[in-house]
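Biologist: Hey, can you walk me through this one? I'd like to get my bearings before class.

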Amino acid sequence: MKRENYNYDYYEEEMEDDTLDIQDLIFTIFRRWKVIILTMIPVIILGFIFANTRPTIYEAQTNLIISGNNPGISLDKSDIDLNQKLTTTYLELAKSKSILKNIIKKFDLKDDEKTLAASISILPIKDTEIITLSYKNQDPQMAAVITNEIAKQFITRVTEVMKVRNITVIDKAQIPEKPLPKKRALILLASGMAGLILGIGIAFIMEFMFAKLRKPTDMEKILNVPMLGMIPEFTDIAEESGKGEKHA
């Protein structure tokens, strides 16, 4: 003869009172470590492939200075402040469509205007009147030639629009000797972190779904049918009586 040891209401209350704490998070990670590893592996492989197939890029740069309209005349602070404010306007002119179209046409580039603009960097040096103009290309010689041409057309464009010629090239772009670093280690580290975060996320989703399916009320909602009963745990009375005698 067997005795039923089951309380449906107690089971429901116990499941509803479950809370997720730090210990649960740690146990979930240990319990689902295979899922996390299997998720990380393809992400790291993709990162490795991306890091090793990136093209070699060279960057050439030239420096320009915004000076006064009258060379040889010393500038006071107000003139310098005005030139610094003009820098923002000049930066917009440097990537104007007319310059981009001329560069693409002259060098027969396959890039469109948007792609070419993304390869050009124009940054002012803080608290100075100097502008650094740089351009990236897979060919080091083309990088230098196109950088100097952009600077030349930039000066011409400013002269046409602003009616002044107050920009001078300080240093012409030279052919870069070394390519830009590919940052393979950083890419692999980032892909590993991304894979770890994704794997942990998948592990918690699986854990949540598993925990959700253990609740009788959730099973009713998913299956859309009423629950007739649950299979209870049975304990053999003979075994319990035997244990009781031993303790006695």
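This is a predicted model: local features need pLDDT of at least 70, side-chain atom pairs count only at pLDDT 80 or more; totals for chains, interfaces and linings use all residues.

Biologist: Okay, how many helices and strands are in the chain?

Modeller: The chain has 10 helices and 6 strands.

Biologist: And how much of the chain counts as buried?

Modeller: Of its 248 residues, 28% count as buried. The chain exposes about 17,500 Å², and 60% of that comes from carbon and sulfur atoms.

Biologist: Let's pick a helix. What does α7 look like?

Modeller: Helix α7 covers residues 140-162, which is 23 residues. From first C-alpha to last it reaches 33 Å, close to the 33 Å expected at 1.5 Å a residue.

Biologist: What happens at its two ends?

Modeller: At the start of α7, a side-chain oxygen of Asp 139 comes to within 3.0 Å of the backbone nitrogen of Gln 141. Just after the helix, Lys 163 has a positive phi of about 65°.

Biologist: Which residues of α7 are buried?

Modeller: Among them are Ala 143, Ile 146, Ile 150, Phe 154 and Val 158. The buried ones also include Thr 147, Glu 149 and Gln 153.

Biologist: How many salt bridges does the structure hold?

Modeller: The structure holds 2. Arg 157 and Glu 160 form a salt bridge too, with their closest N and O atoms 3.6 Å apart.

Biologist: Where do Arg 157 and Glu 160 sit in helix α7?

Modeller: They are 3 residues apart in α7, so about one helical turn separates them. Arg 157 is partly exposed at 28% relative accessibility, and Glu 160 is partly exposed at 46%.

Biologist: New topic. What's going on with Lys 182?

Modeller: Lys 182 is in the loop between β5 (167-171) and α8 (184-213). It is buried, yet it has no salt bridge.

Biologist: Why does Lys 182 have no salt bridge?

Modeller: A salt bridge needs a side-chain nitrogen of Lys or Arg within 4 Å of a carboxyl oxygen of Asp or Glu. For Lys 182, the nearest side chain of opposite charge is Asp 139, and that is 15 Å away.

Biologist: So what does Lys 182 touch instead?

Modeller: Its side chain makes a polar contact with the side chain of Thr 56, at 3.5 Å. Leaving aside neighbours within four places in sequence, Lys 182 is in contact with Ala 51, Arg 54, Pro 55, Thr 56 and Ile 187.

Biologist: And Lys 183?

Modeller: Lys 183 is in the loop between β5 and α8, and it counts as exposed at 53% relative accessibility. Its phi is near 55°, a positive value in a residue other than glycine.

Biologist: Last one: what does Leu 198 touch?

Modeller: Leu 198 lies in helix α8 and is partly exposed at 44% relative accessibility. Not counting residues up to four places away in sequence, Leu 198 touches Thr 39 and Val 43. Leu 198 and Val 43 are 155 residues apart in sequence, but their C-alpha atoms are 9.2 Å apart in space.

Biologist: And Thr 39, what's around it?

Modeller: Thr 39 lies in helix α3 (residues 33-53) and counts as buried at 12% relative accessibility. A polar atom of its side chain lies 2.7 Å from the backbone oxygen of Val 35. Beyond residues up to four places away in sequence, Thr 39 touches Gly 195, Leu 198, Gly 199 and Ile 202.

Methods:
Residues are numbered from 1 along each chain as its sequence is written. Side-chain values use heavy atoms; hydrogens and water are left out. Helices (H or I, at least four residues) and strands (E, at least two) are DSSP runs, numbered from the N terminus. The expected span of a helix is 1.5 Å times one less than its number of residues. Buried means under 20% relative accessible area, exposed over 50%, partly exposed in between (1.4 Å probe, protein chains only). A polar contact is a pair of N or O atoms within 3.5 Å; within protein, one must be able to donate a hydrogen and the other to accept it, and residues adjacent in sequence count only if both atoms are side-chain atoms. Accessible areas come from the Shrake-Rupley method with a 1.4 Å probe; for residues, only the protein chains shown count as cover. Lys and Arg count as positive and Asp and Glu as negative; His and the chain ends are not counted. Contact means heavy atoms within 4.5 Å.
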